[in-house]
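Please read it alongside the sequence and the coordinates.

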Amino acid sequence: MSWASGAVDSLDLYGSAMVLTDYKRKRVPSAADVSMGRDLQLAFYALALSEHRLGNMELDPSRFILGYWSILDGVWHPRAVGKNIRTRAIELGLATKKTVLVEDLAVDTLGRVAQLLRELKDPKNRLEPRPSQACVTCAYQGICRSDDLRYRGMFNMKD
Ligand code: SF4
C-alpha cells in the first residue's frame with residue numbers, strides 16, 4: 001500500500017555532491033521546522049532517494065545537500081547536508097556551519113513518523129469529526145467528513 005507520495009523538483013550533481021532542491025513559490029519551511037521534524041518533506045525525499053540508484057550511481061545520503069529555493073526571492077535555503085560533503089558544501093555556500101546533518105534528519109524523521117503512527121493508532125487520539133456550533137466558522141469545513149454516515153452513527157451513539 002502506498003501511504004505517501006511526492007515528486008522531487010530537482011536533483012543536481014556537483015562533483016560528488018547531490019543537491020536536492022525543492023522550489024517554493026510561497027513560504028519556505030524554516031530550518032527549525034525541518035530539523036525538529038515538523039516539516040518532513042525534504043527528509044522524506046532523502047530517505048526515499050537513498051533506497052534507489054541513478055544508473056550505476058548509489059544515491060548516498062552522506063553526499064546529499066537538501067534545501068529550498070525561494071522563487072520569489074531567488075535565494076537558496078540549505079536545510080540539511082550529508083556528513084561526507086559538509087565541508088565542501090560550506091565552501092560552496094550551499095550549507096552553513098549550522099546546517100543539520102542529513103543522517104540526523106533521517107533518523108529523526110523515522111522517529112517522528114513512528115511516533116505519529118503510534119499516536120494515530122491510539123484510540124485516545126481518534127481524529128473523527130465532532131460537529132458543534134464551531135463548525136460554522138471552522139476552517140476545515142471543506143475537508144471535514146462530519147456528513148459521512150459512518151461518523152454520523154458514531155455521534156448518535158455518543159449523544
Ligand atoms: S467542521 Fe469538522 S473539523 Fe470543523 S469543527 Fe466541525 S466537525 Fe470539527
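## Strand pairing

Two strands are taken to pair if DSSP finds at least two bridges between them. The model is predicted, and in it strand β5, residues 64-70, runs antiparallel to strand β6, residues 75-81, with 6 bridges joining them. Tyrosine 68 has histidine 77 in β6 as its bridge partner. β5 and β6 form a hairpin with 4 residues between them, and in the turn glycine 74 has a positive phi of about 65 degrees.

Strand β2, residues 17-24, is joined to β5 by 7 bridges, and these two strands run parallel; valine 19 stands opposite isoleucine 65 in β5.

## The sheet as a whole

The 4 strands form an open sheet of mixed pairing, in the order β1-β2-β5-β6. Because β1 (10-14) and β6 stand at the edges with a single partner strand each, one side of each is left without a neighbour in the sheet. On average, and with direction ignored, neighbouring strands of this sheet are turned by 30 degrees against each other.

## The helix across the sheet

Helix α2 lies across β2, β5 and β6, and runs at about 140 degrees to β2. In α2, which spans residues 41-49, the buried residues are Leu42, Ala43, Tyr45 and Ala46. They cover an arc of only 160 degrees around the axis, and therefore lie on the same side of α2.

## The ligand shell

The ligand is surrounded by Pro129, Arg130, Pro131, Ala134, Cys135, Cys138, Tyr140, Gln141, Cys144 and Ser146. By class, the residues of this shell divide into 7 nonpolar, 2 polar and 1 charged.

Technical notes. Residues numbered from 1 in each chain as written. Predicted model: local features only at pLDDT ≥ 70, side-chain atom pairs only at ≥ 80, totals over all residues. Near = placed C-beta within 6 Å. Nonpolar A, V, L, I, M, F, W, Y, C, P; charged D, E, K, R; others polar. Buried ≥ 20, exposed ≤ 12 C-beta atoms within 10 Å, placed from the backbone. Arc of directions from axis to C-beta. Axes fitted to C-alpha atoms, helices over the stretch in contact; angles between N-to-C directions. Contact = placed C-beta atoms within 7 Å.
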